[in-house]
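Visitor: I would like to learn how to read a protein model. Where do we begin?

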Amino acid sequence: MHNIENRLEAVQQRIQTACTECERSAAGVQLLAVSKTQPADAVRQAYNSGQLAFGENYLQEALDKQALLTDLPLQWHFIGPIQSNKTRPIAEHFDWVHSVDRFKIAQRLNDQRGTSKQPLQICIQVNIDQEASKAGVNPAEVLSLVQQVAELPNLRLRGLMAIPAAAAELASQRLAFEKVRKLLESLQRALPDQSLDTLSMGMSGDLEAAIYEGATIVRIGTDIFGPRQRK
Ligand SMILES: *Cc1c(COP(=O)(O)O)cnc(C)c1O
């Protein structure tokens, strides 16, 4: 029980320290607790320690968990790969989607979100190191996707999400995150009235590098909940 509370506090301290080191305000970095493979009870413990935003990768697992937690005012972020026949429950049961990487998915989320709810908050996932194995749009194609998504009325485009290739050294971690930041800056110049304000980047192993390069949402699983349960 105290484990999750202590780990959350330690992660918040790391965020605070990294922000101090690069003279940013910690208020500009949101902590997203990635609860995939963890039981609903672990989410409840994190909530009881003050955590409100949770990230999930697997749709059915997320829906099952949400059903056990309807008494809590949680904010849910979908951060996993999206199949086009699964967009409806994502549009209906989440507040944010970080993993949009093609227009067809955005269009379906827009249509299925409808007008009765707040717009769905969207990040475009970019395959920043252009790895064959990874999801995400190529950097060269991100502008045209962003221009199309920006037209969809039930979505609110917020920025970019990236999962760079794993790197042990701070310097190489920073290089990848710097590329994501520069890409967002180029989009901000191209679409000045979109107020693109979000860089979703940084996980347990590289949150400091991400914060130094401007992350506004860090997605942390292992360092809050411990090792993932096997699926
Ligand atoms: C699992 C996952 C995370 C969390 O990773 P940790 O290394 O456990 O902090 C963050 N983002 C995405 C997209 C993930 O799939």
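Guide: Begin with the secondary structure. This is a predicted model, and its protein chain has nine helices and eight strands.

Visitor: What radius of gyration does the protein chain have, and what would a compact globule have?

Guide: For 231 residues, a compact globule would have a radius of gyration near 17 Å, and the protein chain agrees with this because its own value is 17 Å. The C-alpha atoms fill a box of roughly 45 × 40 × 30 Å along the principal axes.

Visitor: How much of the protein chain counts as buried?

Guide: Of the 231 residues, 50% count as buried. The protein chain exposes about 10,900 Å², and carbon and sulfur atoms supply 48% of that area.

Visitor: What do contacts say about the way the chain is folded?

Guide: Take contacts between residues at least 6 apart in sequence: 60% of them join residues at least 24 apart. Asn57 gives a local example. Asn57 sits in the loop between strand S2 (53–56) and helix H3 (59–67). Leaving out residues up to four places away in sequence, Asn57 touches Val34, Lys36, Phe78, Ile79, Gly80 and Pro81.

Visitor: Is Asn57 buried or exposed?

Guide: Buried means under 20% relative accessible area. Asn57 has 14% relative accessibility, so Asn57 counts as buried.

Visitor: How should I read charges?

Guide: Side chains of opposite charge can pair when their charged atoms come close. The structure holds 14 salt bridges. Over the protein chain, the mean positions of the 25 positive and 26 negative charges are 5 Å apart.

Visitor: Which residue forms a salt bridge with Arg14?

Guide: The partner of Arg14 is Asp223, with the closest N and O atoms 2.6 Å apart. Arg14 belongs to helix H1 (residues 2–21) and Asp223 to helix H9 (residues 222–225), so this pair ties together parts that are 209 residues apart in sequence. Arg14 counts as partly exposed at 24% relative accessibility, and Asp223 counts as partly exposed at 27%.

Visitor: Where do Glu92 and Arg88 lie?

Guide: Both are in helix H4 (residues 87–93), four residues apart, about one turn of the helix. Glu92 is partly exposed at 33% relative accessibility, and Arg88 is partly exposed at 43%.

Visitor: Which residues are linked in a network of salt bridges?

Guide: Arg174, Arg181, Glu185 and Glu213 are linked in such a network. Within it, Glu213 forms a salt bridge with Arg181, the closest N and O atoms being 2.8 Å apart. That pair links distant parts of the chain, 32 residues apart: Glu213 is in the loop between helix H8 (207–212) and strand S8 (217–220), and Arg181 is in helix H7 (residues 170–190). Glu213 is buried, with a relative accessible area of 6%.

Visitor: One more feature, please: how do I read the backbone angle phi?

Guide: Most residues other than glycine have a negative phi. Glu23 has a positive value, near 55°, and is found in the loop between H1 and strand S1 (30–34). Thr37 also has a positive phi, near 70°, and lies in the loop between S1 and helix H2 (40–48).

Note on methods
Residues numbered from 1 in each chain as written. Predicted model: local features only at pLDDT ≥ 70, side-chain atom pairs only at ≥ 80, totals over all residues. Heavy atoms only, no water. Helix = DSSP H or I, 4+ residues; strand = E, 2+ residues; numbered from the N terminus. Rg over C-alpha atoms; globule rule 2.2 N^0.38 Å. Buried < 20%, exposed > 50% of the residue type's maximum accessible area, 1.4 Å probe, protein only. Contact = heavy atoms within 4.5 Å. Areas by Shrake-Rupley, 256 points an atom, 1.4 Å probe, with all protein chains shown as cover. Lys, Arg positive; Asp, Glu negative; His and termini not counted. Charge placed at Lys NZ, Arg CZ, Asp CG, Glu CD. Salt bridge = Lys/Arg side-chain N within 4 Å of Asp/Glu carboxyl O.
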